[in-house]
Amino acid sequence: MSVAQLAGGRVPRLARRASARDPLVIAAALVMLLIAVIAVFGPLMAPYDPNQLYVGPVLSPPSLEHYMGTDDLGRDIYSRVLVGAAPSVIAPVFVVILSTALGAAIGISSAWFGGVVDGISSRVIEVIFAIPGLVLAVLAVSMFGKGLIAPIAALSIAYIPIVSRLVRTAARAELGKPYIAALRIQGVSSLAICFRHLVPAVLPPILAQSTVGFGYAMLDLAAISFLGLGAQPPSSDWGVMISAGQPALLTGAPEQSMFPAALVVVTVLAVNILGARVTTWAEGGDR
Amino acid sequence: MNTRVLRQLLGKLGGLLLTLFLASVLIFSAMLLTPGDPVFTIAGSVRPTPEMIAAIQEQYHLDQPVWVQYLSWIGGVFSGDLGTSFVYKTPVAELIAPRIGITALLVLYTLVLIVVFGLGSGILAATRGRAVDRTVLVTTSFGMALPTFVVAILLIWIFGRVLGWFPVYGAGSGLLDNLYHLTLPAISLAVLYIAYISRITRGAIVGQQHAEHVETALVRGIPRSRIFRRHVFLNASPQILSVSGATVAGLFAVSAIAEQAFGIGGLGSLLTEAAARKDVPVVQVISLLLVTVFVVLNAVVDVVIAVIDPDSTKPRSLA
Amino acid sequence: MSDFVLELDHVSIAAPGADGPLMLVEDCTLQVTAGESLGLVGESGSGKTLSARAVAGLLPEEFTVGGTIRIDGEDISTVAGKRLRGIRARRLGMVFQTPRAHLNPLRSIGDFMTEALVTVAGEKPDAAERRAIELLAEVGIPDPDRRMRQRPGDLSGGLLQRVMIAATLAMDPPILLADEITTALDVTTQEEVMAVIADLRRHRDLAMLFITHDLALAGAVCDRIAVMQHGRTVETLRAATMRQDAVEPYTRRLLSATLPADVRADSTPPVEPVLVVDGLRKTFQVRSPRGGREEFVAVDGVGFMLAPGGSLGIVGESGSGKSTTARIICGLEAADAGSVTVKGEDWTTAARGTAGRRRRARIAQMVFQDPYQSLDRRQTVRACLREAVAVHRPKASRGELDARVDELLGAVRLDAGLADRKPRSLSGGQRQRVAIARALAADPEILVLDEAVSALDVTTQVEILTLLDSIRRTMGVALLMISHDLTVVRRLCDHVVVMRSGVIVEQGTIADVLDDPRADYTRMLLDSIPHDGWVPRRRIPARTTALPTVATTTTRISPPGGPK
């Protein structure tokens with residue numbers, strides 16, 4: 001039995017292990033804010049032209065002129081990282097927005113209408129789910145060519161099942177509650193029931209999933225760029241940079257790969273911490 | 001297993017076959033949706049003459065109606081004729097055959113790592129007290145932010161440049177040499193999944209530890225170790241299995257990244273290359289292969305879960 | 001060495017709270033002598049279950065237990081871990097409220113029964129199996145060897161409870177801790193289980209700590225009674241003379257709630273009924289245990305009438321079809337055959353579209369069983385009521401709506417200050433009042449109450465029933481009360497319909513049916529209700545398999561434009 005169950009019907013405020021003022025969560029939020037700022041203002045913040053060749057010696061280590069050193073073509077890594085934030089961070093946002101919007105719509109319709117609608121959409125979802133996201137992305141690239149557009153579209157579709165299943169479960173649970181039946185007997189319109197009651201109820205898990213999904217999308221897109229199928233040179237998308245810097249690793253100049261890699265890791269870490277917090281908040285609802 | 005469970009499983013199997021069929025249709029239609037005429041991709045850099053066009057169309061069945069093309073494609077898959085590569089002009093089957101082994105070995109190696117470390121750390125986190133739990137929590141938090149390509153370059157740098165304990169390129173020859181070469185790639189693939197499975201395992205076990213039927217066993221004085229094995233872990237295993245099954249099934253696709261980073265000539269690197277060169281038949285066949293593996297693996301997991309918990313196939317409510 | 005088998009001496013239990021420790025139990029003091037049965041009675045939040053769990057060692061680590069607990073005279077706080085586990089395993093038998101949750105669904109009954117025998121008592125597996133079968137037979141389970149191979153999912157709740165009791169007997173403990181063991185069972189199943197316990201106690205000289213909220217039940221089956229309120233033992237009485245001996249006001253309140261209410265005289269003159277149900281039939285498609293589908297007849301040929309301003313109770317146990325009938329009347333389910341006529345209008349098919357539903361809303365409303373899930377937990381009370389009112393007064397201004405909301409709050413005797421709270425800060429009784437207010441917002445002529453008080457404490461039940469009665473008298477609303485509890489129906493209704501397995505077994509005025517029942521089933525129901533001097537009689541279990549889950553509250557929402 002849970003502690004809450006034992007303490008009686010009304011849940012008293014028992015000791016909370018993670019309060020909203022958790023320093024880790026605040027740090028994560030600040031990091032995300034910083035990353036967002038860089039994504040938007042990167043080009044303005046860069047001291048050098050990211051595509052300008054030979055602004056410094058080739059593969060030089062970090063120094064006062066080049067905070068992160070230079071790459072195999074003499075370009076300033078720091079500037080490239082700043083400018084690369086935009087494609088690396090904004091592309092996943094598209095994936096999340098598209099997949100969440102479509103997934104939520106499908107999930108809610110499935111739960112709402114049931115019957116044939118549910119049957120067909122469940123089958124479609126199952127088929128999409130059977131194709132791993134990476135495979136779908138690769139398939140898309142083989143059809144439409146390299147670049148970020150095809151992978152974004154493919155991943156948006158690939159992520160739909162996760163969202164729609166989650167939303168469907170949450171919506172069905174909510175629709176099963178007696179207050180929905182009560183609203184219906186009261187004569188409240190179906191639209192009002194859906195938008196005034198059902199949607200706010202499923203919003204928390206949707207938000208939690210979006211946060212976590214952003215992290216996955218970022219990793220997947222960077223991986224696709226790493227493979228050479230996503231963003232293309234001379235773009236300084238972080239995945240591209242990591243891949244391009246691989247030969248330099250063995251000659252003792254890891255900066256070209258390591259700095260963008262570190263940024264990917266830090267961003268995803270921050271997203272995961274925030275995601276965990278949002279998930280706990282979302283689950284804290286009932287009772 | 002009684003008849004009800006068997007019927008449920010057969011139903012599920014039917015559903016899976018349907019899914020597989022629909023997925024194959026989707027994959028096949030990739031060819032049709034590709035902008036531009038495949039004839040030109042096949043012709044390559046040469047400007048095709050009308051005779052060449054006709055020849056290409058006949059060879060690749062491009063002049064047939066759509067559903068005939070699909071049927072000949074699918075029929076070919078079953079009979080071993082997997083089509084011909086647009087780029088290499090050789091049968092796809094020949095391109096794939098030598099590579100399957102190495103990819104399978106890589107995936108298996110990774111799987112072992114995931115099970116040992118992921119499951120293991122999850123169990124430890126759930127059963128060895130707060131300190132261990134926190135440590136595992138922090139470690140897995142990092143792990144979940146370390147994708148394959150990041151771990152790959154880290155390992156390449158450490159072992160290629162600094163330490164040299166493991167090779168950082170190629171797959172080697174001979175089983176032991178293969179394993180030696182595949183160690184770093186397997187690790188790079190495994191890290192993220194270890195973290196994920198560890199969390200799931202811990203969560204499932206902790207969830208069962210508080211279950212009421214565990215309380216009953218405690219009151220009756222049954223030894224803790226037995227309670228863990230027969231009540232906590234057993235009841236947590238369906239949940240762990242189903243999540244693990246889905247995640248691991250995707251492993252085959254993700255192996256492409258490790259293959260790229262470490263220069264391994266497996267299915268994944270072929271897939272990447274083919275996609276880059278718009279070699280649709282190759283991409284289609286490999287995609288179909290990966291999807292089949294995914295579906296089959298999930299089916300196996302479903303069967304195992306049904307054996308452990310036959311009631312999981314019972315619907316919980318109706319109407 | 002005292003001859004107390006169990007003793008709790010000023011036991012307190014505290015949980016870690018956000019602002020310091022939360023005292024969940026302040027002072028629980030009781031003693032149980034060998035062979036004696038002590039009833040521990042209280043409402044929710046009284047601390048009775050927590051105290052029992054403290055004895056069994058089932059409290060979370062974070063909880064701190066003060067005071068002294070003695071098992072067989074030994075202070076358990078002085079006993080080391082392993083030995084304490086041994087003491088608990090051999091001296092205590094504990095049975096819980098929901099046997100289905102307390103049994104591992106993946107293991108067979110036989111596994112469960114023999115596990116303790118083999119691992120704790122060190123018996124050989126075949127000896128353990130034989131002993132297990134003996135124990136199952138002792139608690140009256142038919143066909144025990146077949147049961148050994150079945151899983152919990154194949155057995156009914158009543159049977160599972162017997163299995164749990166049998167399992168505790170394996171160690172021959174001197175005392176049984178019974179935590180609300182019959183609360184989740186039908187009243188007839190309750191009698192069966194209590195009869196089994198009575199036999200066991202006689203044969204084995206078994207002491208029992210019987211925890212329950214039902215004072216009447218405790219009074220009938222226990223030797224002494226300890227009453228707890230807000231974490232304190234308030235009074236201890238001899239059961240046989242509890243009505244005379246009770247001194248504390250709380251005890252007296254509990255006692256008066258258990259008294260059967262005076263049977264109401266039928267005061268309404270014969271008039272055109274507001275609701276007529278005739279030949280109602282409903283079947284569900286259920287997955288049969290063997291796979292494939294079978295038909296489950298939930299309601300079969302049900303017919304009755306409700307007079308305007310009258311009150312009709314529909315009584316039945318689980319699976320009787322009473323809830324399904326109510327849901328059909330309110331349009332949440334569609335009948336397969338038969339008719340529902342409300343004020344002369346045919347309501348057999350569900351209302352068409354929102355306008356149709358709105359019209360019907362002004363005639364019939366429903367109050368549900370679960371007070372928490374009956375309200376949108378995101379809405380404040382005021383917002384909830386305002387929405388209900390606004391449906392029927394689309395052009396009203398905010399001020400007019402709020403005025404009506406205040407009116408409704410007054411009608412259900414809810415303090416207006418609570419209006420800006422959300423359901424989570426309200427008690428069960430308060431939430432139910434809000435649900436009633438919401439139902440009254442449409443000014444209905446019929447109020448359907450689907451087990452509306454079943455989830456409430458006994459004292460709160462009385463309050464709500466009194467409220468409903470006064471609403472009926474002042475507003476002239478007809479009440480249709482669905483309940484498994486005859487005492488509730490007796491308090492509120494002047495007519496009653498008794499249902500069993502989808503059929504009406506008997507109907508008539510309350511006086512006729514309760515004082516002079518014609519059907520055997522009604523007689524059996526009445527006999528199963530614990531009252532002064534009640535002795536449970538042992539019977540063969542009426543139902544051995546679990547019921548198919550039929551009546552869920554999943555609502556098939558009609559998309560705008562009409563039902564499917």
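In which loop of chain A is the place of Pro234(A)?

Guide: The model is a predicted one. Pro234(A) sits in the loop that runs between α8 and α9 (238–244) of chain A.

The crossing in which α6(A) passes α8(A) is right-handed. On the α6(A) side the contact is made by Pro151(A), Leu155(A), Tyr159(A), Ile162(A), Val163(A), Leu166(A), Val167(A), Ala170(A), Ala171(A), Glu174(A) and Leu175(A). From α8(A) come Leu198(A), Ala201(A), Val202(A), Pro205(A), Ile206(A), Gln209(A), Gly213(A), Ala217(A), Asp220(A), Leu221(A) and Ile224(A). By class, the residues in this contact of α6(A) with α8(A) are 18 nonpolar, two polar and two charged.

Chain A also touches chain B, in a contact that takes 36 residues from chain A and 46 residues from chain B. On the chain B side, the elements that give two or more residues are α1 (3–33), α6 (130–143), α7 (148–163), α11 (251–262), α12 (267–276) and α13 (280–308) of chain B. Of these, α7(B) gives the most to the side that touches chain A, with eight residues. That side of chain B has 32 nonpolar, 10 polar and four charged residues.

As for chain B as a whole, there are 13 helices and zero strands. Its C-alpha atoms fill a box of roughly 85 × 65 × 35 Å along the principal axes.

Chain C has 20 helices and 20 strands. Its radius of gyration is 25 Å, close to the 24 Å that the globule rule gives for 564 residues, so chain C is as compact as a globular protein of that length. The box filled by the C-alpha atoms of chain C, taken along the principal axes, is roughly 75 × 55 × 45 Å.

The domain assignment of chain C gives domain 1 (4–258), domain 2 (285–363 + 444–530) and domain 3 (370–443). Between domain 2 and domain 3 of chain C, the C-alpha centres lie 24 Å apart. There, 13 residues of domain 2 of chain C are in contact with 13 residues of domain 3 of chain C. On the domain 2 side, α13 (353–361) and α17 (458–475) of chain C are the elements that give two or more residues. The most come from α17(C), which gives five residues to the side of domain 2 that touches domain 3. By class, that side of domain 2 of chain C has nine nonpolar, one polar and three charged residues.

One further backbone detail belongs to chain C. Asp143(C) has phi near 65°, a positive value in a residue other than glycine. Asp143(C) lies in the loop between α5 (125–138) and α6 (144–149) of chain C.

Notes:
Residues are numbered from 1 along each chain as its sequence is written. Chains are lettered from A and ligands numbered from 1 in the order in which they are written. This is a predicted model: local features need pLDDT of at least 70, side-chain atom pairs count only at pLDDT 80 or more; totals for chains, interfaces and linings use all residues. A crossing is left-handed if the near helix is turned anticlockwise from the far one by less than a right angle, and right-handed if clockwise. Helices (H or I, at least four residues) and strands (E, at least two) are DSSP runs, numbered from the N terminus. Two residues are in contact if their C-beta atoms, placed from the backbone, lie within 7 Å. Ala, Val, Leu, Ile, Met, Phe, Trp, Tyr, Cys and Pro count as nonpolar, Asp, Glu, Lys and Arg as charged, and the others, Gly among them, as polar. Domain bounds come from an automatic or database domain assignment. The radius of gyration is taken over C-alpha atoms; the globule rule is 2.2 Å times the number of residues to the power 0.38.
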